[in-house]
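Student: Can we go through the side-chain contacts in this one? I'd like to start with the aromatics and then do the charged pairs.

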Amino acid sequence: MQHRRIGDTTVSAIGLGAMPLSIEGRPDEDRALATVHAALDAGVTLIDTADSYHWHADERGHNEALVARALARYGGDTSGVLVATKGGRGRPGDGSWTVTGTPGHLKRAAEGSLRRLGTEAIGLYQLHKPDPDVPWAESVGALRELLDAGTIRAAGISNVTPGQIREAHAILGAGLVSVQNQYSPAVRDSEEALRLATDLGLAFLPWSPLGGISRSSLDGPSGGASAGTAFHRVAAARGTSPQQIALAWLLTRSPLLIPVPGASRPASVRDSAGAADLTLTGEELALLNAPDAAAPVAAAPGGTPWRQPSMPGKSTVKGSAVAAMPRL
């Protein structure tokens, strides 16, 4: 597993997004714990959670508590694992999401997260989303107070504009270490935020990093009319999953970018972790960097999926095949 940095902390180049283990359609606890343990076995040392990752209204912090149990029950060393959590959003239990960015709420939320995680301080605490009814400087100021109090060791911000990144950086200085925006093969409108974060030395943790990489006829017999995206075609040529190709591509976008793909089963975690050791060729990057690379293309006549021929200098990833691609 390759490594990258978040502030002064070294973490795996691929993280684990733990949200699917606690929201609607979540697996049972045994499989959820096995998924976290599989990530640790694969060398993952960054786990992303939030107090709002839960299903029902009365179970705030479900995901944080689950992650804490998984770490406590793991048989190996977890001292190098960074758990990043977030505060500022809520889930009433009807499937909707709320936003509350008042300083008082954020400080209380962080204290609750700290209790559930059972650590001396939260390794990375991120403001989940700007509250349009609260001045941004006030919400970020709460992070400053949490840093000064020692409740959190580092701060991050999520779902933000470049202007909000600059303002937060001016308030928090070296205490600000990360930005977490949506970014994926299909959703690239945070390019400016990514460039700014990189220029400022901030880790960029894209959420929903596999957007646009869904199953297609390239993944096996499906009877569909789509031959998939450029990511599917490169995956077919390499004999690996399009998810791995997407994550490997993301790693090329910035030396400070660390994808945190979600997973609800061990096989998904193992597949994602393998992307850290996959090197894309110049020809592949030219294809994947195209703005429409995540757009599906039509299958060849007769419904036969188009498969790109093997590319010069390609490498393979052991233990992975397109036909057996795990679902996230």
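This is a predicted model: local features need pLDDT of at least 70, side-chain atom pairs count only at pLDDT 80 or more; totals for chains, interfaces and linings use all residues.

Student: Fine. How many aromatic pairs are there in the whole structure?

Tutor: The search finds four aromatic pairs. One of them is Tyr 53 with Trp 97, with ring centres 6.5 Å apart and planes at 85°, so this pair is edge-to-face.

Student: Where do Tyr 53 and Trp 97 sit in the chain?

Tutor: In two loops, 44 residues apart. Tyr 53 is between strand E4 and helix H2, while Trp 97 is between strand E6 and strand E7.

Student: Is Tyr 53 buried or exposed? And how about Trp 97, buried or partly exposed?

Tutor: Tyr 53 is buried, at 8% relative accessible area. Trp 97 comes out at 31%, which is partly exposed.

Student: What about Phe 231 and Trp 249, what geometry do they have?

Tutor: Edge-to-face: the planes are at 80°, and the centres are 5.6 Å apart. Phe 231 belongs to helix H7 and Trp 249 to helix H8, so the contact ties together parts 18 residues apart in sequence. Both residues are buried.

Student: OK, charges now. How many salt bridges?

Tutor: The count is 11. Among them is Glu 284 with Arg 238, at 2.7 Å from N to O. That pair links helix H10, which holds Glu 284, to helix H7, which holds Arg 238, across 46 residues.

Student: Are Glu 284 and Arg 238 buried or exposed?

Tutor: Glu 284 is buried, with a relative accessible area of 0%. Arg 238 is at 3%, so it counts as buried.

Student: Which residues are joined into a network by shared partners?

Tutor: Glu 29, Arg 69 and Arg 73. Within it, Arg 73 and Glu 29 meet at 3.8 Å, N to O. Arg 73 is in helix H2 and Glu 29 in helix H1, so the bridge ties together parts 44 residues apart in sequence. Arg 73 is exposed at 52%, and Glu 29 is partly exposed at 32%.

Student: Last one: how far apart are the closest N and O atoms of Glu 145 and Lys 107?

Tutor: 2.8 Å, in a salt bridge. Glu 145 is in helix H4 and Lys 107 in helix H3, 38 residues apart. Glu 145 is partly exposed at 40%, and Lys 107 is partly exposed at 24%.

Note on methods. Residues are numbered from 1 along each chain as its sequence is written. Side-chain values use heavy atoms; hydrogens and water are left out. Rings of Phe, Tyr and Trp (its six-membered ring) pair if their centres lie within 6.5 Å; planes under 30 degrees apart count as stacked, over 60 as edge-to-face and the rest as tilted. Helices (H or I, at least four residues) and strands (E, at least two) are DSSP runs, numbered from the N terminus. Buried means under 20% relative accessible area, exposed over 50%, partly exposed in between (1.4 Å probe, protein chains only). A salt bridge is a side-chain nitrogen of Lys or Arg within 4 Å of a carboxyl oxygen of Asp or Glu.
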